[in-house]
Amino acid sequence: MLDEVISMKDTGATYLLTTLLPRLEASMPGLLDDLAAGVCADRQAIVDAGKMTPEIEEVFRSVAAILGRGDR
């Protein structure tokens, strides 16, 4: 049951971000590119530090998916 609640929260947050990001990009062109670059840099820093785990990698995949949809 708790996993279902967490999943629904994640889905809700994803929906909200997916609708919000294009509006932000429209008022601040380049924002999504800047966010994506920062996410890539953070991911690489974790890899370089030897701290990447499958769970953390999944978070980065989720963020990449959200940012990939945010400009549509």
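Gly68 lies in helix H3, where helices are DSSP runs of H or I with at least four residues, numbered from the N terminus. At 30% relative accessibility, Gly68 counts as partly exposed, a class between buried (under 20% relative accessible area) and exposed (over 50%), computed with a 1.4 Å probe on protein chains only. Gly68 and Asp33 are separated by 35 residues in sequence, and their C-alpha atoms are 10.0 Å apart in space.

## Basis and confidence

This is a predicted model, in which local features need pLDDT of at least 70 and side-chain atom pairs count only at pLDDT 80 or more, while totals for chains, interfaces and linings use all residues. Residues are numbered from 1 along each chain as its sequence is written, and side-chain values use heavy atoms, with hydrogens and water left out.

The average pLDDT of the protein is 87, and 86% of the residues score at least 70; pLDDT is the predictor's confidence in each residue, from 0 to 100.

Just after H2, Gly50 takes a positive phi of about 70 degrees.

Glu57 lies in helix H3 (residues 54–69) and, at 17% relative accessibility, counts as buried. Not counting residues up to four places away in sequence, Glu57 touches Arg43 and Met52, contact meaning heavy atoms within 4.5 Å.

Key
Helix = DSSP H or I, 4+ residues; strand = E, 2+ residues; numbered from the N terminus.
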